[in-house]
Each structure stands twice: as structure tokens, then as C-alpha cells.
Amino acid sequence: MRKIFNICVLFLIIGMSLSSSSYAQDRPEHELHSMMIYNFLKYIQWPGEKNTGDFVIGVMGDDEVFKTLNTWYGNKTRGDKTFTIKKLNSPSEISGCQLLYIGASASNQFDEIRTKVENQSVLTITNKSGLGAKGSCINFKVVDNRLKFELNQSAIEKSNLKISGQLTSMAILI
């Protein structure tokens, strides 16, 4: 009887995981991006004082991602970090961010943004084909109708960030 119960529980868990992975792909893109951005933080370490206290996530060029991040994670604490989500309208507003998400509609300003954050510990995340190779730390990409991400190891190193091997193993490396 115990064995039958364990088998039923196993099938229940497998069924739930299969349905949740297909459900995740049916969610709006801005929700998927927001979840992934937040989860990336588990695998990346900022130097010294940037790793604790107020942690500022700047969002430029995607109001939906801003609203979702702010609703789900704004002013929440995880470990030693309290998250502040800022909506940015121009590259001149990006100072003080540890993470910067640049939506597709602001991608034309990527070169200016990259110059502003050069040699700073800022994780740049983009959503436009080609920006990973151009110097974004992480770039979202759809492959076979599934959301994936590119990881530019050189850009990560230039930003003085440490990245977990677990995140590297999940990424498309450039």
C-alpha cells in the first residue's frame, strides 16, 4: 500500500512539473522576463558593498517589465538585499543601478548606455537580437519558440561580476 502511495505521489509531482513548464511558456513575455531577471540574481555576485543593502534594478524601454518587477519584487528583501525598481527614461538616469534591463524599444540607445556603465559593476540585460554579441551581459532570445538567454562572459568579466557555473551551464554562451 505504501509503495502504491509513493508511485501516485511521484506521478503527481511529474504531472505538476510538466504542466508548470508548459504553463510558464504560455505566460506573457514581460512576466517571463521579470521572473528570469529576479532568478538571475541568485547566480551572480556583485563586489563588496554592491552585494548588500539597497539593490537598484533600472528598467528602460519596457513599461510592462517595469510594472511587473515593481509589483512582484519592489521593496522586497532577499538575503541582505532590498530591491528598488526604477523606471528610467534616458541613459542619463542610470547611475546607481546594479542591474539594468533594456527593453527592445530602448535598444537603439544601447551604445550610449554601455559607455555609461563601462567599468562599473552593472549587470546589463537586453531583449534584442545582436545585443549579446555587442556587449550586453545577458540577452533574451527565443529559440524553437522557447525563451532562452545568451551570456556574454567577456561583458560579465568587464563588469567585475562573478557568475555561478550553474547559470553559465543554462546559457547560450557568446
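Is Lys-141 buried, exposed or partly exposed? At 36% relative accessibility, Lys-141 counts as partly exposed, where buried means under 20% relative accessible area, exposed over 50% and partly exposed in between (1.4 Å probe, protein chains only).

The model is predicted: local features need pLDDT of at least 70, side-chain atom pairs count only at pLDDT 80 or more, and totals for chains, interfaces and linings use all residues. Residues are numbered from 1 along each chain as its sequence is written, and side-chain values use heavy atoms, with hydrogens and water left out.

**View 1. The largest nonpolar core.** A nonpolar core is a set of buried Ala, Val, Leu, Ile, Met, Phe, Trp, Tyr and Cys residues joined through side-chain atoms within 4.5 Å. The largest one holds 32 residues, and the members that touch the most others are Phe-40, Ile-57, Leu-123, Ile-125, Ile-138 and Phe-140. Helix α2 (residues 29–40) gives the most to this core, with five residues; helices (H or I, at least four residues) and strands (E, at least two) are DSSP runs, numbered from the N terminus. A second, separate core has 13 residues, including Val-56, Leu-100, Ala-106 and Val-117.

**View 2. Surroundings of Ile-138.** Contact means heavy atoms within 4.5 Å. Apart from neighbours within four places in sequence, Ile-138 is in contact with Phe-40, Ile-44, Leu-123, Thr-124, Ile-125, Thr-126, Phe-149, Glu-150 and Leu-151.

**View 3. Salt bridge between Glu-150 and Lys-141**. A salt bridge is a side-chain nitrogen of Lys or Arg within 4 Å of a carboxyl oxygen of Asp or Glu, and the count by this rule is six. In this pair the N to O distance is 3.4 Å. Glu-150 is buried, with a relative accessible area of 11%, whereas Lys-141 is partly exposed.

**View 4. Salt bridge between Lys-134 and Asp-111**. The N to O distance here is 3.3 Å. The pair links distant parts of the chain, 23 residues apart: Lys-134 lies in helix α5 (residues 131–134) and Asp-111 in helix α4 (residues 110–117). Lys-134 is partly exposed at 39% relative accessibility, and Asp-111 is partly exposed at 36%. A network of salt bridges links Asp-111, Arg-114 and Lys-134.

**View 5. Salt bridge between Glu-64 and Lys-67**. The closest N and O atoms are 3.9 Å apart. Both residues lie in helix α3 (residues 63–73), three residues apart, about one turn of the helix. Glu-64 is partly exposed at 38% relative accessibility, and Lys-67 is partly exposed with a relative accessible area of 46%.
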